[in-house]
Amino acid sequence: QLSSSEVQHLLHLGGACGRHKPIGAGSFLGSVMMIVSGVMQATLFLLTDEQWHYGGPAQTALKKAYGKEMSHRQLWGCLKPPHEMILNYQTHQDAGADQPKFWCHVWVKKVWVKKEDEKKEDEKKEPVAEKTVQDGNKDQNTEQSDKETQEKEPSLEKTAQDRSKEQAQNGNKSQTKNETQVENIQDCDDSSMAAEEPEKLEVERKTWERSKLPVQVQLRSPPKEEKLDRWIRGLLRDEYGPPVLCILTPKEDFEKLDTQQDFGSLKEKDKPLKCQFVPRQFVAGGASIWLNLGRKSLWETLAGILPFGAFLLVSYEII
């Protein structure tokens with residue numbers, strides 16, 4: 001039998017037992033890590049799954065052609081789309097409706113062309129008359145004297161090399177004065193590049209840029225596998241999402257903007273349309289907000305490390 005003082009002493013010891021050690025902290029941290037891992041995996045699904053990006057065939061072709069690049073690419077999340085239009089070609093095709101038309105930026109290549117004033121002046125100018133052939137029966141003494149004067153005054157005539165150096169230093173002022181830079185819309189189905197190797201296609205398309213102004217385009221279904229592999233070459237960029245939207249445009253360039261720019265006004269009967277694959281960031285028609293969430297490989301690594309760390313914490317606490 002224990003006395004009352006001994007029972008009280010045992011109760012005090014029992015209540016203080018384990019207070020120096022945070023029992024349950026590992027389980028709490030493990031549960032938080034599991035929740036974070038689940039949120040990251042759900043975010044990865046929403047940002048990479050084909051059904052959320054309207055480009056199943058294009059995504060498959062990109063993974064096949066750029067396996068490493070697709071796993072290390074930047075993840076982009078759309079917080080606010082420019083409009084609520086459905087950009088899934090399969091949805092409109094299954095419904096038997098025409099593919100929608102919308103405003104979108106396109107891939108262009110900048111070239112130098114003559115200004116309109118210069119073109120008109122060139123048309124007005126008459127062909128320059130040919131210079132008359134000089135008489136070849138000059139006296140040798142006169143020719144020698146001319147050569148001597150040229151040698152004495154070399155500063156009066158500049159060599160071609162000096163002229164090229166001076167032109168480079170001046171930033172090619174004569175070209176910018178008579179010419180203007182125009183954005184030519186490119187075509188992924190260009191017949192002149194049909195026989196080129198994929199490596200040459202990528203080098204050429206690295207010079208393509210996003211147009212400054214949008215143009216009205218029409219959605220279309222992607223081509224077959226062999227042509228699809230060539231169309232997507234060189235279009236995967238870190239600054240944009242994967243090119244998953246296949247579009248058509250009748251516009252050639254952005255040189256003349258004084259006419260109507262809608263799809264119907266620009267379309268001509270016997271003129272083929274230009275085809276492109278563009279990322280979803282190119283879609284215009286309203287204000288949009290895109291968020292860069294970092295590389296996909298980093299998200300996948302963290303989503304795998306967090307559950308493993310939670311398992312170690314709980315196991316250590318139990319043992």
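Mentor: The accessible surface of the protein chain comes to about 22,000 Å², and 54% of that surface belongs to carbon and sulfur atoms. Accessible areas come from the Shrake-Rupley method with a 1.4 Å probe, and for residues only the protein chains shown count as cover. This is a predicted model, in which local features need pLDDT of at least 70 and side-chain atom pairs count only at pLDDT 80 or more, while totals for chains, interfaces and linings use all residues. Residues are numbered from 1 along each chain as its sequence is written, and side-chain values use heavy atoms, with hydrogens and water left out.

Trainee: How many helices and strands does the protein chain have?

Mentor: Helices (H or I, at least four residues) and strands (E, at least two) are DSSP runs, numbered from the N terminus. The protein chain has 13 helices and nine strands.

Trainee: Against which elements do the buried residues of α2 pack?

Mentor: Contact means heavy atoms within 4.5 Å. The buried residues of α2, among them Gly26, Met40 and Leu44, pack against α3 (56-65), β1 (74-80), β9 (289-295) and α13 (296-318). Leaving aside neighbours within four places in sequence, Ser37 is in contact with Ala303, Leu306 and Pro307.

Trainee: In what order do the three strands of the open sheet stand?

Mentor: Strands of a sheet pair through backbone hydrogen bonds, either parallel or antiparallel. Two strands pair if DSSP finds at least two bridges between them. Here the order is β4-β3-β5, with antiparallel pairing. Strands β4 (179-185) and β5 (209-210) stand at the edges, each with a single partner strand, so one side of each is left without a neighbour in the sheet. Two bridges join β3 (residues 107-114) to β5, and the bridge partner of Trp107 in β5 is Arg210.

Note on methods:
Buried < 20%, exposed > 50% of the residue type's maximum accessible area, 1.4 Å probe, protein only.
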